[in-house]
Structures are given as C-alpha cells and as structure tokens.
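User: I am new to this one. Please walk me through it in short steps.

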Amino acid sequence: MAAARRRPRLTKARTRRPPFALRVLRGLAVLTVAGLVGVAAWTGLRSAGFRFRWDLDPTPPPTADAPALREAPPPSEPSGAADAPEGGEEADVPPPARGPLASGRHERIEFETYADGRPVVANSAVAEEWREQGLVLSFDSYTADATRPHVLDARGYLPPNASMHALSFPLAGDRGLEVGVIHLDFPGRPRRVTFTLFGPDLIEDFEVIVWSGGERLPASARAHAPDLRYAPEDDSGSGTATYSPGGRSLFRAERVRIETPLGVDRISLDGWGPPGHVLLVDHLEIDP
C-alpha cells in the first residue's frame, strides 16, 4: 500500500512543468534561431536577384529610340602628337605614315605669300596653305583649344633687316600667344630641311624634335648655328646673331639644318619655355 501511494507522487514530480523563467529563455532562443534562419534566407534571395514589386525601379522603360544613344560614335581622325616636355610625353608619339621618300621638289617658303602667290593675312591661322610646296602645319597644347599656328606680323620681334611676317604660336587675344608645340609635317619626306628660328637669347637651346621613319631622331641629326645675315653690323665678325627688338631683352637668330637619309617626316618646335617665350620661324627650305 505504501509503495502504491508513493507512485502517484513520483509521477506528478516527473510531469511537473519547468519554471517560467526557463520557458522564456527557451522561447527567446527559438525566436533567435528562427530570425537568423530568416535573415539568411532573405539574404540569399536578394543576392540571387529576387525583388519584391515595390523594390523595383519605378523608372519607365526606355523608348524604342533609346538604343541609338548608346551606339558607339564614329572613330575620330588621329591628331598630331604634342612635344611638350615636363607636362607629358606626347612628344614620343610618332606622326602618321608619310608618302614616298624624297618625292617632293626643292622649295623655299618665306611666309610672306601663300603657295598660290597670294600675300599672307597677318595674324591668321594656317595649316594647308603650303601643302603644294610640301609643308603642312598644326599646333598642339595642353592649355589652349587652338589646333593651327599663326602667321604673325612679327616686326616687333624680328631684326630690323628681316621681313614682316613669321610663323609662330596662335594668338590668345589680349593674353599674347598661346603656349604649345608647332608641328611642321613634310608629306614628301625630304632628306634635308633648313630654317631660321628667332627667340629670346636667355633660352640656352631651342627645343627642336625631329621624326623620321616613325622614330624620333637624336640631337646629332640637327645642327644649330647663328644666322649671320642678322649679325650686328658693328660686330659682324663675332660669329653671333643677336639683337634687341624694340628695346626688349636680347634675342638671337639661329639657323637650324636637319639631315637624314630616311627623310624628315615631322619637325616639332617646342614652345613650353619660360614666361614670355616667343619663338618665330622663317626662311624655310625643303631639299629632297
């Protein structure tokens, strides 16, 4: 009887509910696990590209003409390379391919008249005006939009016995001249080119870059010497050709001769010099 009476009490002890606090903790644990599972499932759906309707972009689809806006533009004409040191290395980009070697004739260009004999217009842009004589001009700059050099009324910078006009950088309105590089291209690929440079004597070396056969030539391909036609009359035996235009600082006239058996493709005149840098070109001779 005693054992029978104890058995129900033991059964009740075994089936008694756990304390309230323990049940709360169990519920929180279940909710936490369920939340983590839900977040993981949601992240997987989002990464797979699932979107609810309200998550979609409300922007209407493009019209039928829209694809035309995404078409690639036509390729542009390749431009000449600049020769500016310090600011970049565009000078090391060769000019485009030229014609046959020494296919032109001997020419002399004074920049007083165009190839057809018309007098030049002072302070105007030029490019193809001397193509018949084997010369094409262009201009490159990091600071200007101009693409053509100018023929200037340069009497204020030339020797007293020089002509009126010379090739130089484009005019920049009231700011003087643009800064950049003048390119002289020779479609006939002559073996010799000679010209005179006028510029400030404070510049130790006028930067002249020569291209031939797709390669930039070393400095030994060109020779610089005073243009003695502009030597001072009272010091003609000094071997110099310096002058002071209009009371300005000293300028010099320098004759540059370039020779290469493979023909000259391009000559670039670097104008990235000190402030007030003026570089003028005249008396150009093309000898095939």
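User: Is phenylalanine 111 buried or exposed, and what is its relative accessible area?

Analyst: First, the ground rules. This is a predicted model, where local features need pLDDT of at least 70, side-chain atom pairs count only at pLDDT 80 or more, and totals for chains, interfaces and linings use all residues. Residues are numbered from 1 along each chain as its sequence is written, and side-chain values use heavy atoms, with hydrogens and water left out. Buried means under 20% relative accessible area, exposed over 50%, and partly exposed in between, with a 1.4 Å probe and protein chains only; phenylalanine 111 is therefore buried, at 0%.

User: Where does phenylalanine 111 lie, and what is its phi?

Analyst: Strands are DSSP runs of E with at least two residues, and helices are runs of H or I with at least four; both are numbered from the N terminus. Phenylalanine 111 sits in the loop between strand 1 (107-109) and strand 2 (124-125). It is not a glycine, yet its phi is positive, at about 60 degrees.

User: Which residues do ring pairs link into a cluster?

Analyst: Rings of Phe, Tyr and Trp (its six-membered ring) pair if their centres lie within 6.5 Å; planes under 30 degrees apart count as stacked, over 60 as edge-to-face and the rest as tilted. A search of the whole structure finds 6 aromatic pairs. Ring pairs join these residues into a cluster: Phe111, Tyr114 and Trp130.

User: How many residues apart in sequence are the parts tied together by phenylalanine 139 and phenylalanine 169?

Analyst: The two rings form an edge-to-face pair, 6.4 Å centre to centre with 65 degrees between the planes. Phenylalanine 139 is in strand 3 (residues 136-140), while phenylalanine 169 is in the loop between strand 5 (165-168) and strand 6 (181-185), so the pair ties together parts that lie apart in sequence by 30 residues.

User: And what of tyrosine 157 and phenylalanine 251: how many residues apart are the parts that they tie together?

Analyst: This aromatic pair is tilted, with 6.1 Å centre to centre and 35 degrees between the planes. Tyrosine 157 counts as partly exposed at 30% relative accessibility, whereas phenylalanine 251 is buried at 4%. Tyrosine 157 lies in the loop between strand 4 (150-153) and strand 5, and phenylalanine 251 in strand 12 (residues 251-259), so the sequence separation is 94 residues.

User: Which residue lies over the face of phenylalanine 206?

Analyst: A charge sits over a ring if NZ of Lys or CZ of Arg is within 6 Å of the ring centre and within 35 degrees of the ring normal. Here the distance from the ring centre is 4.0 Å, and the residue is arginine 252.

User: What is the strand order in the open sheet of 5 strands?

Analyst: Two strands pair if DSSP finds at least two bridges between them. The edge strands, each pairing on one side only, are strand 3 and strand 9 (215-216). Strand 3 pairs with strand 6 in the antiparallel sense over 5 bridges. The open sheet has antiparallel pairing and the order 3-6-13-8-9.

User: Which residues does alanine 146 touch, leaving aside those up to four places away in sequence?

Analyst: Alanine 146 is in the loop between strand 3 and strand 4, and it is partly exposed at 29%. Contact means heavy atoms within 4.5 Å. Not counting residues up to four places away in sequence, alanine 146 touches Phe139 and Pro170.
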